[in-house]
Amino acid sequence: MTEEIKKTHKTIEEAEQEGKYIRKVRSFVKREGRLTKGQERALNEHWESMGLNHSDGLLDTGSLFGNDNPIVLEIGFGMGKSLVEMAKAAPELNFIGVEVHKPGVGACIALAAEQGVQNLKVFEHDAIEVLADCIPENSLTTVQLFFPDPWHKKKHHKRRIVQADFVEAIRQKLIVGGVFHMATDWENYAECMLEDMQTAQGYKNLSATNDYVPRPDSRPLTKFESRGHRLGHGVWDLQFSKL
Ligand SMILES: C[S@@+](CC[C@H](N)C(=O)[O-])C[C@H]1O[C@@H](n2cnc3c(N)ncnc32)[C@H](O)[C@@H]1O
């Protein structure tokens with residue numbers, strides 16, 4: 001229970017009854033990690049133009065990028081290398097990244113500025129709350145979730161970000177025909193993702209075999225994917241479109 005809740009409510013249940021939204025299980029452990037000088041400088045110099053704040057509430061996606069190009073949302077972009085690469089390669093799209101790890105956000109902004117990328121903005125915040133509070137319904141053409149933390153142990157599976165509620169929240173934010181693209185190097189997580197997506201209403205599997213899709217060329221190799229390759233892991237891509 002947070003200090004704020006402790007002060008004003010007896011229990012989480014009471015707080016929830018009063019309409020206060022409280023997350024009990026999170027998909028990440030906040031690692032503070034030190035910022036490098038470059039990351040700190042990038043955050044200071046470019047947050048104004050590239051940063052988005054959860055506290056500002058619902059985004060006006062029409063005016064955000066000064067054009068109405070389709071919007072791609074990436075959840076958990078890590079250090080942002082593959083996200084910046086994608087944004088640079090697709091100036092006809094707009095990208096919004098969401099990541100909780102501040103050094104990763106700093107690194108992403110530093111790289112985007114260095115590469116002159118104009119079509120990318122980022123949140124340093126929990127994606128679950130960003131989805132709930134900042135992303136309008138029917139506004140995204142693609143949502144990408146690449147190598148989410150696998151939470152290997154069964155007792156930790158409740159921390160996995162892909163759950164029925166999450167899948168439904170994503171569906172609401174996608175436009176009709178929009179695509180939810182996931183990739184993981186952990187077979188059990190891939191199987192659970194597939195089960196959640198097959199159970200969810202309002203999605204169509206884009207796989208010809210009704211399970212996984214071949215690795216799309218549009219997805220650059222991510223840091224975690226390279227690590228997975230070194231460890232001899234397989235990779236599973238899933239793509240579902242909103243009906
Ligand atoms: C295993 S890493 C993968 C990073 C990157 N996608 C890659 O493939 O290299 C998972 C990332 O998701 C981030 N993450 C986990 N839960 C999150 C959440 N609820 N909101 C935003 N980011 C989250 C973590 O901080 C971490 O950087």
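## Annotated binding site

In the unreviewed UniProt entry, the annotation "binding site" covers E74, E99, D126 and D149. These residues are spread over 76 residues of sequence, yet they cluster in space, with a largest C-alpha distance of 14.3 Å. Keep in mind as you look around that this is a predicted model.

## Two of the site residues

Let's start with E99, which is found in strand β3, residues 94–99. Is E99 buried or exposed? E99 is buried, because 25 other C-beta atoms lie within 10 Å and the cut-off for buried is 20 or more. Beyond residues up to four places away in sequence, E99 touches G76, F77 and G78, along with G104, V105, V122 and E124.

Now turn to D149, in the loop between β5 (140–146) and α8 (164–173). D149 has 17 C-beta neighbours inside 10 Å, so D149 counts as partly exposed. Which residues does D149 contact, leaving aside its neighbours within four places in sequence? They are S27 and F28.

In soluble globular proteins, nonpolar side chains tend to be buried together. Here, the largest nonpolar core has 60 residues, and L73, C108 and I109 have the most contacts inside it. Helix α6 (residues 102–114) provides the largest share of this core, seven residues.

Leaving aside neighbours within four places in sequence, I109 is in contact with A42, L43, H46, M50 and V122.

Methods
Residues numbered from 1 in each chain as written. Predicted model: local features only at pLDDT ≥ 70, side-chain atom pairs only at ≥ 80, totals over all residues. UniProt positions renumbered as here; feature names shortened; annotations may be inferred. Helix = DSSP H or I, 4+ residues; strand = E, 2+ residues; numbered from the N terminus. Buried ≥ 20, exposed ≤ 12 C-beta atoms within 10 Å, placed from the backbone. Contact = placed C-beta atoms within 7 Å. Core = buried A, V, L, I, M, F, W, Y, C linked by C-beta atoms within 7 Å.
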